[in-house]
Amino acid sequence: MRQRGYIRTLLVLDTVILVLAVIGGYFARFGGDEARGSDIPYGIVGPVLVLAWLASLKALRCYDHRVLGYGADEYRRVTSASLRLAGGIAIAGYLANVGVSRGFLGISFAVGTVGLVVARFAARKRLHWSRSRGAGWSRRVLAVGDTAHVLELVHTLRREPYAGYQVVGACIPDALLAPVPQRLGDVPVLGSFRAIVDAASAINADTVAVTASNELTATRLRRLGWQLEGTGIDLVLAPALTDVAGPRIHTQPVAGLPLIHVEAPEFRGARKVVKSFVDRALAATALAFLLPLLAVVALAIKLDSRGSVIFRQIRVGQGGREFGVYKFRTMVVNADALLADLATKNETDGLMFKMRVDPRVTRVGRVLRKWSLDELPQLANVMFGHMSLVGPRPPLPSEVARYDGDVARRLLVKPGITGLWQISGRSDLSWEDGIRLDLYYVENWSLAADLTILWKTFGAVVRTRGAY
């Protein structure tokens, strides 16, 4: 699906949602009968409201390709357009003393706003699915900068193909050009900084992504922006600042220079208190709700193999403090003693041990691991304050003993039952990617992000990808 096709699909979806919302609002308010006692022609008001709503979406650039398909800005704009229109109609109705039913408007806007967000979410998931398979609409990117920075940009964008940025060519400084055709990995080098516009046109790029280079001065960047005017090619800057979430970044123009302010990570304060309260309240509720399931799992473990039902293992939590993490036992009782014999069969890099077919895992244990049911007793750890619902993976003391300075930042927050590692591949992740995700969470955590991760955890568990 191409860009224009995707935008047309969104327009059709939005129109259908709004028509259904307005019709639903009318029937919910008037029960299908004519609006008795009113001179308002709702047969005209309804279509006008739909058209005004679509115009509001257009005015707030809800169909701008730069915000579609990735990030929260699309949802914010859709919600803002709906709320602004609702506020404008309320004020206009009051000033003009027009008696349009408030119940009709309230129901229509409530249903329509939620429907628009849900429809956009569904369309985005479909787009992400297509992009992950190389078929969906993606931006064709010409990367510009030093070799090392271009390679890093390519690697970063390819970690999340569903974001829709496909690097199809590169331009590097004159000094790095060779007399024969060059490639950076599998990305062809199309020339130097003097040929950026021609190179972008030659490969049908719709985006020029500029990363760090000593030769790309402010003057050259300004001229590049001028050269791209009217070509339909977007210019984006990819600074060396990475793994910092949007809420921590604020741009302020000073003397014509856009300064990027980066707020320090927050490791204490009122938000942390709220997070702890929410964690414990949700954990207590989940334990009460899941008691029948916990009993069935415990019985299955007891009947399957000898040993205790609950396995307690020492892990390292916030500030380097050790605690006992609770899990349903999924291995034979002498699993630790057998580890030395299996060390050469480790299938992951870094400091962890993982095997897809671990002979120490019991029959019931395989089922529990597949659906992450063995993690449920950790809800008790959350209630005791040792863990959080969302956070980095709780490490073993032997792993922590080999941490360097950067990796040790994982210990600045409580470990979690789930986290970015859980929704991004679980055991299929490399050690480096797992650490990167943990550090990203540590630096950029928020309550909204926690709720999003909890929601996505259900999908990760159902797909069972990386569970072994």
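## Close-ups of a predicted model

Figure 1. Start with A170: its bridge partner in strand 4 is V189. The model you're looking at is predicted, so local features are used only at pLDDT of at least 70 and side-chain atom pairs count only at pLDDT 80 or more, while totals for chains, interfaces and linings use all residues. Residues are numbered from 1 along each chain as its sequence is written, and side-chain values use heavy atoms, with hydrogens and water left out. Strands here are DSSP runs of E with at least two residues, helices are DSSP runs of H or I with at least four, and both are numbered from the N terminus. Two strands pair if DSSP finds at least two bridges between them. Strand 2 (residues 165-171) and strand 4 (residues 187-191) run parallel and are joined by 2 bridges. Further along, C171 has G191 of strand 4 as its bridge partner. Strands 3 and 4 make a hairpin with 2 residues between them, and G185 in the turn has a positive phi of about 70°.

Figure 2. In which order do the 6 strands of the open sheet lie? The order is 3-4-2-1-5-6, and the pairing is mixed. Strand 3 (183-184) and strand 6 (234-237) are the edge strands, each pairing on one side only. Strand 1 (residues 139-144) runs parallel to strand 5, with 4 bridges joining them; V144 stands opposite V210 in strand 5. Strand 5 is also parallel to strand 6, joined by 4 bridges, and there V210 has L237 of strand 6 as its bridge partner.

Figure 3. (Buried means under 20% relative accessible area, exposed means over 50%, and partly exposed is in between, using a 1.4 Å probe and protein chains only.) Helix 7 (residues 218-228) lies across strand 5 (207-210) and strand 6, running at about 155° to strand 6.

**Figure 4. Two helices packed together.** Two packed helices are described by the angle between their axes and the distance between the axes. Helix 1 (residues 3-30) and helix 2 (residues 42-59) pack at about 145°, with axes 10 Å apart. Axes are lines fitted to C-alpha atoms, for helices over the stretch in contact, and angles run from 0 to 180 degrees between N-to-C directions. Contact means heavy atoms within 4.5 Å. Helix 1 brings residues including L11, V22 and F30, while helix 2 brings residues including Y42, G46 and W53. What kinds of residue make up this contact? There are 12 nonpolar, 2 polar and 1 charged. (Ala, Val, Leu, Ile, Met, Phe, Trp, Tyr, Cys and Pro count as nonpolar, Asp, Glu, Lys and Arg as charged, and the others, Gly among them, as polar.)

**Figure 5. One loop, two residues.** A240 is in the loop between strand 6 and strand 7 (249-254). Is A240 buried or exposed? Its relative accessibility is 62%, so A240 counts as exposed. The C-alpha atoms of A240 and L153 are separated by 9.3 Å, although these residues are 87 apart along the chain. R248 lies in the loop between strand 6 and strand 7 too, but R248 counts as buried because its relative accessibility is 12%. Its C-alpha atom is separated by 9.9 Å from that of I260, 12 residues away along the chain.

**Figure 6. Positive phi values in loops.** Most residues other than glycine have a negative phi, and most peptide bonds are trans. R61 has a positive phi, near 55°. R61 sits in the loop between helix 2 and helix 3 (73-96) and counts as partly exposed because its relative accessibility is 45%. S372 has a positive phi as well, near 60°. You'll find S372 in the loop between helix 10 (363-370) and helix 11 (378-384), and with a relative accessible area of 13% S372 is buried.
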